[in-house]
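Reader: I'm new to this one, so please pick one spot, take me through it slowly, and then show me what else is there.

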Amino acid sequence: MKIHEYQARDLFRKYGIPVPEGELCHSVDEVKKKVSDKDKLRVVKAQVLVGGRGKAGGVKLATTKAEAIEKAKLILGMDIKGITVEKVLVADAVDIEKEFYVGLINDRNAKAVTLMASSEGGVEIEEVAKTNPEKIIKMPIDPTMGLMDWQARKVALQLFNDPKQVRQAAEILVKLYKLYVETDSSLAEINPLVLTPDKQVLAIDGKMNFDDNALFRQKEIIAMREADENEKKELEANAKGLSYIKLDGNIGCMVNGAGLAMATMDMIKLYGGEPANFLDIGGSSNPQKVVDAMNILLGDKNVKSVMINIFGGITRCDDVARGLVAALDQIKTDIPIVIRLSGTNAKEGLEIIEKTGLPVVKTMSEAAQKAIELSQK
Amino acid sequence: MSILINKDTKVIVQGITGRDGAFHTSKMKAYGTNIVGGISPGKAGQQVEGIPVFNTVEDAVKATGANASVIFVPAPFAGDAILEASYAGIELVVCITEHVPVQDMIRVMPVLKKNDTKLVGANCPGLITPGECLIGILPGMIFKPGNVGLISRSGTLTYEVVNMLTENDLGQTTCVGIGGDSVSGLYFIDLLEMYENDLKTDAVVVIGEIGGDAEEQAAKFIKEKMTKPVVAFIAGQSAPPGKRMGHAGAIISSGAGTAEEKIKAFNAAGVPVAKEPSEIPGLIKEKLGL
């Protein structure tokens with residue numbers, strides 16, 4: 001789960017990480033009301049869950065209150081990667097002497113939380129990882145001990161020289177780790193962490209993601225969820241036991257298992273088509289799941305044909321076939337459907353489906369080619 | 001020969017009285033797995049499928065000499081179940097449970113190391129040495145004994161590939177589904193090393209997917225350390241960046257962990273990468289000179 005920058009800043013503040021003052025505004029009127037009359041340098045930032053808002057013009061500087069209102073007018077309602085900007089953060093801008101990056105991630109290789117830091121702040125850390133990997137400091141953290149003071153100090157010493165700043169930065173790192181672990185975060189970044197001319201260390205921009213598997217014990221974090229249009233569809237699917245991600249193509253796919261679902265999308269691409277979605281219906285042969293899945297697929301206006309790819313493992317193909325037939329009975333559509341069944345009891349399953357007159361094929365490759373062919377009619 | 005499990009492996013089931021636990025216990029038993037006990041706190045003395053239930057893993061190990069455990073308990077308790085098995089001296093823990101919080105998995109890692117416990121999963125279909133022992137939820141009937149090893153991050157895709165291998169008369173030594181989570185137990189390299197040392201395994205299939213760099217590391221290991229041929233497939237070549245494709249680990253973050261990079265790494269290590277799963281049996285036969 002992702003949260004907005006303003007929400008990450010609230011969490012930072014709660015854990016004692018210094019953040020410049022700012023106001024969240026949903027309208028120009030709110031900017032007029034909430035922002036103080038004092039003219040000073042401010043930054044107006046679009047609050048969206050997609051990256052690249054700076055490049056899209058969603059971040060603008062303002063020197064006066066009037067200008068802040070002007071800039072908010074420009075940004076509110078703007079479209080960033082298909083998402084309409086509904087709120088802006090109007091924050092105090094600070095003078096910056098130097099920018100840094102600090103972040104925490106779940107590190108697959110270390111099988112631990114790893115602290116990353118770099119003196120190359122303000123740019124995407126992935127960029128630094130590609131161009132100057134030696135400039136990224138990595139410190140895996142022992143989960144039984146947490147981030148120890150000496151570790152935080154060691155990392156801070158590589159970013160700062162002045163002992164006072166080292167202390168400030170190390171404190172921020174320890175607090176960020178505490179926040180990370182206590183909220184079951186999966187990514188916590190301060191980028192940039194800045195040093196101001198009056199030698200204060202401050203968090204200017206923050207990004208936090210959370211482990212979806214741990215949300216059951218994170219009531220406060222769930223309450224922060226503000227799903228955008230794309231996410232809403234995905235959440236709706238999740239609630240029905242489906243895993244769905246909308247893509248841009250025109251061939252809807254319904255598959256059991258995440259790996260097979262990915263391989264199915266790949267196959268469609270391999271044969272020159274474009275998948276409309278990723279959709280994993282899981283292991284059951286429950287007809288309702290197929291109905292729900294079909295409704296989601298057919299709700300996407302781009303979909304021109306549907307490929308159903310099922311491998312019967314523990315669930316038997318004849319059970320799945322009965323579920324499919326029952327489900328397709330309830331769905332009235334002109335969109336052509338191709339079904340591929342394989343695995344346990346495939347023969348029996350195919351016989352059941354053949355009776356319905358729906359096109360059935362034996363292999364994934366055939367199914368993909370047929371679905372592409374039908375989508376072009 | 002095989003890796004990790006064989007006909008002598010004594011298995012206990014943690015969460016044996018639950019719906020999934022009981023169902024798959026009967027399946028495993030029917031396959032011929034030597035299931036010696038189950039755990040369900042407070043239900044000691046009961047039986048499931050004729051298998052004795054114990055209150056703790058420690059009790060089960062004392063009474064049965066179990067050396068492997070399979071976990072079906074709900075996600076919030078799975079981390080603790082792994083710890084309990086590890087402290088009871090179980091050598092191999094297989095965690096089937098999905099949606100286990102990542103921090104819980106991270107916290108068990110130092111304990112596994114200290115107690116020298118091997119973990120498969122979480123969020124995995126388990127593993128099988130065909131004809132001898134099945135631990136997990138794999139459909140036993142599609143496997144057959146033979147000389148090909150298989151490691152996979154996915155469930156149904158594994159079945160798809162195994163089915164093709166079996167249909168092409170390529171039996172398997174041991175197949176391991178390592179699971180799709182971002183932080184999990186045994187990984188490609190650990191298992192490749194075991195296959196390299198297994199006398200019966202002649203070739204290995206690696207089924208990877210987008211996210212992380214386990215495939216790149218596997219490629220490096222194969223190039224430097226392996227004498228046996230390896231064939232690979234990577235799922236998620238068409239996945240958009242930044243989205244979680246069902247598996248928590250299958251997320252591409254700004255250019256890292258893409259299928260393209262993984263394929264390049266495998267090719268550089270002399271490992272052919274199948275364009276679609278149906279090419280895998282042919283590639284294996286080619287490598288084995290069949």
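This is a predicted model: local features need pLDDT of at least 70, side-chain atom pairs count only at pLDDT 80 or more; totals for chains, interfaces and linings use all residues.

**A strand pair in chain B, and beyond**

As for bookkeeping, residues are numbered from 1 along each chain as its sequence is written, chains are lettered from A and ligands numbered from 1 in the order in which they are written, and side-chain values use heavy atoms, with hydrogens and water left out.

Back to the strands. Strand β6 (residues 92–95) of chain B runs alongside strand β7 (residues 118–121) of chain B in the parallel sense, over four bridges. Two strands pair if DSSP finds at least two bridges between them, and the strands themselves (E, at least two residues) and helices (H or I, at least four) are DSSP runs, numbered from the N terminus. Further along, Cys95(B) sits opposite Gly121(B) in β7(B). In a regular strand, side chains alternate between the two faces of the sheet.

How does the chain get from β6(B) to β7(B)?

Now zoom out to the whole sheet. It is open, has seven strands with mixed pairing, and reads β3-β4-β2-β1-β5-β6-β7 (chain B). At the edges stand β3 (47–48) and β7 of chain B, and because each has a single partner strand, one side of each is left without a neighbour in the sheet.

Next, where does chain B meet chain A? In all, 51 residues of chain A are in contact with 60 residues of chain B, contact being heavy atoms within 4.5 Å. The size of an interface is often given as the accessible area lost when the parts come together. Between chain A and chain B about 4,100 Å² is buried, with carbon and sulfur atoms giving 59% of that; the figure is the accessible area (1.4 Å probe) that the two parts lose on being put together, summed over both.

Salt bridges turn up here too: the count between chain A and chain B is two, each being a side-chain nitrogen of Lys or Arg within 4 Å of a carboxyl oxygen of Asp or Glu. Arg340(A) makes a salt bridge with Glu160(B), where the closest N and O atoms are 2.5 Å apart.

Over all chains, 29 salt bridges are found. Inside chain B, Glu215(B) and Lys262(B) meet in a salt bridge at 2.6 Å, N to O. Glu215(B) belongs to helix α7 (residues 214–225) of chain B and Lys262(B) to helix α8 (residues 259–268) of chain B, so this pair ties together parts 47 residues apart in sequence. Glu215(B), at 0% relative accessibility, is buried, and Lys262(B) is buried as well, with a relative accessible area of 0%. Buried, by the way, means under 20% relative accessible area, exposed over 50%, and partly exposed in between (1.4 Å probe, protein chains only).

Over in chain A, a network of salt bridges links Glu5(A), Lys45(A), Arg53(A) and Asp205(A).

Last stop: the rings. Rings of Phe, Tyr and Trp (its six-membered ring) pair if their centres lie within 6.5 Å, with planes under 30 degrees apart counting as stacked, over 60 as edge-to-face and the rest as tilted. By this rule there are three aromatic pairs over all chains. In one of them, Phe100(A) and Phe160(A) are tilted, with 4.4 Å centre to centre and 40° between the planes. This pair links distant parts of the chain, 60 residues apart: Phe100(A) is in strand β7 (residues 98–107) of chain A, and Phe160(A) is in the loop between α5 (149–159) and α6 (163–182) of chain A. Both Phe100(A) and Phe160(A) are buried. Phe311(A) and Tyr159(B) make another tilted pair, 6.4 Å centre to centre and 50° between the planes. Phe311(A) lies in strand β16 (residues 305–312) of chain A and Tyr159(B) in helix α5 (residues 156–167) of chain B, so this pair joins two chains. Phe311(A) is buried at 1% relative accessibility, and Tyr159(B) is buried at 7%.
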